[in-house]
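Student: I'd like a close look at one spot in this model and whatever packs around it. Could you keep it to one connected walk-through?

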Amino acid sequence: MSSLAGFQRTYLRGLAHPLRPAVRVGKEGVTEPVLATIDEALEARELIKVSLPGTRLERRELAAAIAERSAAECIGLLGGIAIFFRPCADPDRRRILPPVRPAPTQAL
């Protein structure tokens, strides 16, 4: 997935604010059943929160592993909660569209 711009990440974090974590990663870490659950949640919702255990560094590594293995983008990591976004593969089923900044106009 292509990297999102800062203003798009901010928009998506705002949409994720009222959400509750869809998945909780346990002490076993990122296992195949956890990845399957994350994949299902991303397919259904496109934007999810995941609760992560461990220290700050461990949570950062877990978030990176989840993003890589699920083809999603980690939008934010605050405390023990990571926010992931992956648009639906079918354009007709997409519910969340990050904003697009208009092209700058040139003054005459």
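Student: Which residues does Ser51 touch, not counting residues up to four places away in sequence?

Tutor: Quick caveats before the answer: this is a predicted model, where local features need pLDDT of at least 70 and side-chain atom pairs count only at pLDDT 80 or more, while totals for chains, interfaces and linings use all residues. Residues are numbered from 1 along each chain as its sequence is written, and side-chain values use heavy atoms, with hydrogens and water left out.

Now your residue. Ser51 touches Pro21, Val23, Arg24, Val25, Gly80 and Ile81, leaving aside residues up to four places away in sequence (contact means heavy atoms within 4.5 Å). Ser51 belongs to strand S2 (helices, H or I of at least four residues, and strands, E of at least two, are DSSP runs numbered from the N terminus). Its relative accessibility is 15%, so Ser51 counts as buried (under 20% relative accessible area; exposed is over 50%, partly exposed in between, with a 1.4 Å probe and protein chains only).

Take H1, residues 6-16, where Gln8, Leu12 and Ala16 are buried. Seen down the axis, these fall within an arc of 75°, so they line one face of H1 (the arc is that of the directions from the helix axis to the C-beta atoms). What covers them includes S2, S3 and S4.

Next comes H2, with 14 residues reaching 20 Å from first C-alpha to last, close to the 20 Å expected at 1.5 Å a residue (the expected span is 1.5 Å times one less than the number of residues). Its buried residues are Val34, Leu35, Ile38, Ala41 and Leu42. They cover an arc of only 125° around the axis, which puts them on the same side of H2. That set packs against strand S1 (23-24), S2, H3 and S4, while the face turned away carries the exposed Glu32, Pro33 and Glu40. After H2 comes Glu46, with a positive phi near 75°.

Glu46 is also one of the residues that Cys88 touches, along with Glu43, Arg93 and Arg94, again not counting residues up to four places away in sequence. Cys88 sits in the segment after S4 and counts as buried because its relative accessibility is 3%.

In H3, Arg59, Leu62, Ala63, Ile66, Ala67 and Ser70 are buried. They span an arc of only 130° around the axis, which puts them on the same side of H3. Their packing partners are H2 (32-45), S2, S3 (73-78) and S4 (81-85); Leu57, Arg60 and Glu68 are exposed on the face turned away.

Arg86 is in the segment after S4 and, at 13% relative accessibility, counts as buried. Just after H3, Ala71 has a positive phi of about 60°.
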